Amino acid sequence: MTSTGFAPRRPPLTLGIEEEFLLADRRSRLTACRADQVLADVGAVLGPRVQNEFFATQVEVCTEPVATAAELRRQLVDGRRLTAAAALRAGCLLVASASGILGRRPPQITEGDRYRRIADHVGPLATGSGEFGGCHVHLGSLDKADALALSGRLRPWLPVLQALMVNSPFAGGRDRNCASWRALRYERWPTVGPAPVLDEAGYEVLADRLVAEGTILDRRMLYWYARPSEHLPTLEIRVADVNAEVDDTVLLALLLRGLAVVLLDEADRGAPGPVVTDAQLVGAHRQAALHGLRGTGVGPDGVPRPMLQLLHGLLRRSAPGLESTGDAAQVGMMLGGLLASGTGAERQRAVRRRHGSLGDIVDDLARRTVAG
């Protein structure tokens, strides 16, 4: 039992991270189509923890499911450093940017039947505005029914976490006048958006219908902001930009787990869920993409509130869960550091003000990516 008197009824959830990094040429800082070369090198060490992604300029580095913040951080740092070393041997930098700051146009799609079919299915959305990369958090172990129950209760909090992790104000050599160009691009893809509130039977019916109607090619193209994994016993959260500071990624994962512990307990007790509408959530996610923590979100009661106010509410709401996993002090420290230095998007803009060059932003991100 924690000091708040909260005693979770379930075993601690595991954490897993998928980070999508871009490769930039060491000389030009343009995105570089050398993912296959990097993967052939680092794959001998990381195995299935590193893999291709949609763009040929992109590699995905994953952690295994872990129980502690320390182990999560260790795997993130090791994966980044090993992959960055392989990237250097291929003449490029590993960059934790959610957009191709100096991206090639049109970006090259990774070879392979599935990626080509997706590109054909989404058409110009695939290559219209350069590369993009996210950070996905897996919460487990959960069966599908519990994952769906958690998804429904997380809905109003996900725009807040998206706002916390914005890191793509520049793309294709331009200032996009937003905090997350990735989010603004990605929201146009089929099924991207707030997850519908579903039970297990409803999920099966809807997923089958979306495939049968041709909205998506298969269930792996369910791109809701929170989705039950089709191959793992997890709920996958897909709202965040990839971020250069490893502590920001750890913070995101710990906040999600602390909140999930509380929300699952409420679900077990039959407490009512949030009352927000899909339209309110779409607006809140758009606010996060445009303005980050300076935007306006919506509370679980459906009342619009500033993102910063909602962030502090999220911290209070998740406090019992964070105490139960021993993460409360670390989260407080990391969140304070992020708020003091600014979001990833704000840090990028600060580098631009100091140096005036988008190439300097690429260099700064590459340095932070492996700083540990």
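**The largest pocket and its surroundings**

Reply: Let's start with the lining of the largest pocket, whose residues split into 16 nonpolar, 15 polar and 14 charged. Keep in mind that this is a predicted model. In total, 45 residues line the pocket, and its volume comes to about 1,000 Å³. If you want to find the middle on screen, look for Glu18, Glu53, Glu60, Arg227 and Glu236, which are the lining residues that lie nearest the centre.

The top contributor is β1, with 6 residues.

As background, most residues other than glycine have a negative phi, and most peptide bonds are trans. Take the loop between β1 and α1 (35-46), where you'll find Arg29. Arg29 isn't a glycine, yet its phi is positive, near 70°. Next, go to the loop between β5 and α4 (144-154), which holds Ser141. The peptide bond running from Gly140 to Ser141 is cis, and its omega is near 0°.

The whole structure has 10 aromatic pairs. One of them joins Phe132 and Trp189 edge-to-face, with 5.8 Å from centre to centre and 85° between the planes. Phe132 sits in the loop between α3 and β5, while Trp189 is in the loop between α6 and α7 (200-212), so this pair ties together parts that lie 57 residues apart in sequence.

Last stop: a helix pair. The axes of α8 (residues 246-268) and α10 (residues 307-324) come within 7 Å and cross at roughly 90°. An angle from 65 to 115 degrees counts as roughly perpendicular, and α8 and α10 are therefore roughly perpendicular to each other. On the α8 side, the contact is made by Leu254, Leu255, Gly258, Leu259, Val261, Val262, Leu263 and Glu266. Facing them from α10 are Leu314, Leu315, Arg317, Ser318, Pro320, Gly321, Leu322 and Ser324. Sorted by class, this contact has 10 nonpolar, 4 polar and 2 charged residues.

Methods: Residues are numbered from 1 along each chain as its sequence is written. This is a predicted model: local features need pLDDT of at least 70, side-chain atom pairs count only at pLDDT 80 or more; totals for chains, interfaces and linings use all residues. Side-chain values use heavy atoms; hydrogens and water are left out. Axes are lines fitted to C-alpha atoms, for helices over the stretch in contact, and angles run from 0 to 180 degrees between N-to-C directions. Helices (H or I, at least four residues) and strands (E, at least two) are DSSP runs, numbered from the N terminus. Angles under 35 degrees count as roughly parallel, over 145 as roughly antiparallel, 65 to 115 as roughly perpendicular and the rest as oblique. Contact means heavy atoms within 4.5 Å. Ala, Val, Leu, Ile, Met, Phe, Trp, Tyr, Cys and Pro count as nonpolar, Asp, Glu, Lys and Arg as charged, and the others, Gly among them, as polar. On a 1 Å grid over the protein atoms alone, a cavity is a set of points where a 1.4 Å probe fits but cannot get out, and a pocket is an open set with protein on both sides within 12 Å along at least five of seven lines; lining residues have an atom within 4 Å of a point. Grid points are joined across faces, edges and corners, and a volume is the space filled by probe spheres set on the points. Rings of Phe, Tyr and Trp (its six-membered ring) pair if their centres lie within 6.5 Å; planes under 30 degrees apart count as stacked, over 60 as edge-to-face and the rest as tilted.
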